Amino acid sequence: MTDRRRVVVTGVGLFTPAGNDPDTFWDVLVSGRSTAAPIEAFSTEGHPISYGCEVRDFDPEARFGFKEARRIDRAAQLGVAAASDAVTSAFGDGGPAGAGHDPARAGVVAGTGIGGLRTLEDQIAVFHDRGPSRVSPLLVPMMMANATAGLIGIEWGLTGPNFCVATACAAGANSIGEAARLIREGSCDVVVAGGTECALTPVALAAFWRMGALSSNPDPAAASRPFDAARDGFVMGEGAAFLVLEEAEAADARGATVWGEVLGYGRTCDAHHITAPADTGSGAVACMEAALTDAGLSPADIGHVNAHGTSTPLNDAAESAAVTKVFGPGAVPVTSTKGVTGHLIGAAGAVEAVASLLAIRHGQAPPTANFDQRGEGIDVDVIAGGPRTVGAKPVLSNSFGFGGHNATLVFG
Amino acid sequence: MDRDQLLEIVREATVGVLGVDPAAVTAEAHFADDLDADSLALVEIIMAVEDRLDIQVPEEELKDVRTVGAALDLLASKVPAGA
């Protein structure tokens, strides 16, 4: 393993309910306050759930211009904007090519759970109201799950491997992991990788509510409460985060600012149920063990775990059992970003990768919002009340998706 | 409806889709070269005009339209006489 190509993070960009730049995002995470609030994007009349975690202060026309903004669904707008911020933070306005990278060895891996759902919902209504001849010619490029990946390639002229990962709530983490493997295997020297999602739409809100996934807590700010006894579901969020992953020697040669290193990646499948996790967290255990093995680390080397921690009764119990199995009872501090951000679905793993990198940079792990009373069967050491000093030790970040997809990243 | 009135309707539709300067939308303007419109944008522009005039333009008749003037010719043939 000593001769394996190493992968470092040299750029970060994000648009989240907790802020649209890394410094703001960190400050909000450390505050431990939920960002859930009444939904402003659409009328929630008739919906039993009327709140979510929305991205504020994002102006698509200012980012893309009038013509392009109306040709790109919000999910891809958020993703492409986050990717651009990551690319410019790594390379400046010239992008990878301007920094001497071969565009044919520069790739994109973009995760999403769903794709351009808002546009799809709008156009289905048009179809029913006015018939097939009024359906927009832009529907296909706006709804397709791979739109973000394609648009990032176009914006920066990246002609290397370019694909979309759609593993539901594991997509953001899977994308970063698969991107790291592209660099390790020698296919790429730089990959823009992350995830994006805007499933805050009228039909999706109803659908996630109908399947029992959403919190019905009457107080929005108290609804997302990972690992807490009163947790009853997640809060739907939207957002995006992208990283620039770069081969370590190339990054070093150009004097890049390095955020951290992708030390390990694991991915497994529960092969159990289309939405419910395996009770024992067996797939998650295997995934975390695979990531640790890939990183060449033992559980004791990990400073804290950034949990998937959705605030659903099933996920948090199974994840607690899995973390306990891998690390031992109470042996590692655990935080969940989703208490603050809500659940960003296909963006979650990428946003939490940024949280993990920031935690290493600050030597602190942010608290889990709304963790007041330990839930039954929750045996992990949950960081709550305020940030905890954990030092600059490696962070293990979990993401689990409907379908039974598990993805674990280890950053150092 | 005369050609100038039709041009004004096409101009409004084009500005609504592309955000271009209205003055750039002349009969001589080339959709791709002058207005940076691709085939998807042209479909959107024609859809907006169809809605405004309550007419139908078959998709296949758009494939040879390259200029605003050509679009005006096509649309004029669909507008009922006296409208």
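In chain B, 54% of the contacts with a separation of 6 or more join residues 24 or more positions apart; two residues are in contact if their C-beta atoms, placed from the backbone, lie within 7 Å. The model is predicted: local features need pLDDT of at least 70, side-chain atom pairs count only at pLDDT 80 or more, and totals for chains, interfaces and linings use all residues. Residues are numbered from 1 along each chain as its sequence is written, while chains are lettered from A and ligands numbered from 1 in the order in which they are written.

Chain B contains four helices and zero strands, where helices (H or I, at least four residues) and strands (E, at least two) are DSSP runs numbered from the N terminus. The C-alpha trace of chain B spans about 35 × 25 × 20 Å along its principal axes. Buried residues account for 25% of the 83 residues of chain B; a residue is buried if 20 or more other C-beta atoms lie within 10 Å of its own, the C-beta atoms being placed from the backbone.

The contact between the chains takes five residues from chain B and five residues from chain A. On the side of chain B that touches chain A, helix H3 (residues 39–53) of chain B provides the largest share, three residues.

Terms used: Buried ≥ 20, exposed ≤ 12 C-beta atoms within 10 Å, placed from the backbone.
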